[in-house]
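Thanks for coming. I have one structure to go through today, so please look at the screen.

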Amino acid sequence: MSELAREFDLTTRAIRFYEDCGLLTPERGGAGGRQRVYTTRDRTRLKLTLRGKRLGLSLAEIKELVDMYESPRDSVPQLRKLLTVLDEHRGQIELQLADLQATLDEVRSHEKEARRLLVAGETRAAAGASVKLAASAEDTKRAVPGARSARSRVG
């Protein structure tokens with residue numbers, strides 16, 4: 001089991017879970033049947049399981065498809081089922097994509113408004129700073145002559 005886990009970059013717990021779901025059925029060997037022997041069939045089933053998960057299929061859907069893959073029947077039923085499942089998932093993904101696009105549009109709108117407000121705020125702050133500097137300069141001009149007269153009286 002550890003070898004299979006390393007080979008597929010999975011945990012042994014995940015492999016046990018797939019066994020519990022009936023996706024993997026290793027042969028048992030060793031004393032008391034404690035050692036699992038994974039065949040080429042098990043490796044193929046695990047590859048198909050992981051591929052199905054990447055496609056977003058449920059484990060029940062994967063099991064149904066993998067079991068059909070092994071059946072001696074024609075592959076037409078399997079392909080029809082696969083197309084049905086993929087069509088359903090494509091529909092779900094397209095809905096999710098539309099939701100994501102709407103959310104992305106909303107985020108862009110908020111960013112645009114925040115940038116507009118930031119520029120307006122910075123412009124007001126810069127204008128306010130200019131007014132303060134001008135007022136401060138005017139106050140300095142007024143205060144300086146009075147200070148000189150006080151010094152001239154003292155000196």
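Which residue's side chain meets that of Asp42 in a salt bridge? The partner is Arg41, at 3.7 Å from N to O. By salt bridge I mean a side-chain nitrogen of Lys or Arg within 4 Å of a carboxyl oxygen of Asp or Glu. Asp42 counts as buried, at 1% relative accessibility, while Arg41 is partly exposed at 37%. Buried is under 20% relative accessible area, exposed is over 50%, and partly exposed is in between, with a 1.4 Å probe and protein chains only.

Some ground rules. This is a predicted model, in which local features need pLDDT of at least 70 and side-chain atom pairs count only at pLDDT 80 or more, while totals for chains, interfaces and linings use all residues. Residues are numbered from 1 along each chain as its sequence is written, and side-chain values use heavy atoms, with hydrogens and water left out.

On confidence: pLDDT is the predictor's confidence in each residue, from 0 to 100. The protein chain averages 81, and 81% of the residues score at least 70. Helix 2, residues 12–20, has the highest mean, 91, and helix 5, residues 76–154, the lowest, 79. Where pLDDT is low, the predicted coordinates should not be read in detail. Helices are DSSP runs of H or I, at least four residues, numbered from the N terminus.

Back to the charged pairs. The structure holds 10 salt bridges. One of them joins Glu19 and Arg28, with the closest N and O atoms 4.0 Å apart. Glu19 is buried at 13%, and Arg28 is partly exposed at 48%. Arg36 is linked with Glu19 and Arg28 in a network of salt bridges.

Last, helix 4, residues 59–70. Its 12 residues should span 16 Å at 1.5 Å a residue, and the end C-alpha atoms are 16 Å apart, so the two agree. The expected span is 1.5 Å times one less than the number of residues. Which residues of helix 4 are buried? They are Glu61, Ile62, Leu65, Val66 and Met68. They cover an arc of only 160° around the axis, so they sit on the same side of helix 4. That arc is taken from the directions from the helix axis to the C-beta atoms.

Lys63 is partly exposed at 26%, as is Asp67 at 31%.

Note on methods: Helices (H or I, at least four residues) and strands (E, at least two) are DSSP runs, numbered from the N terminus.
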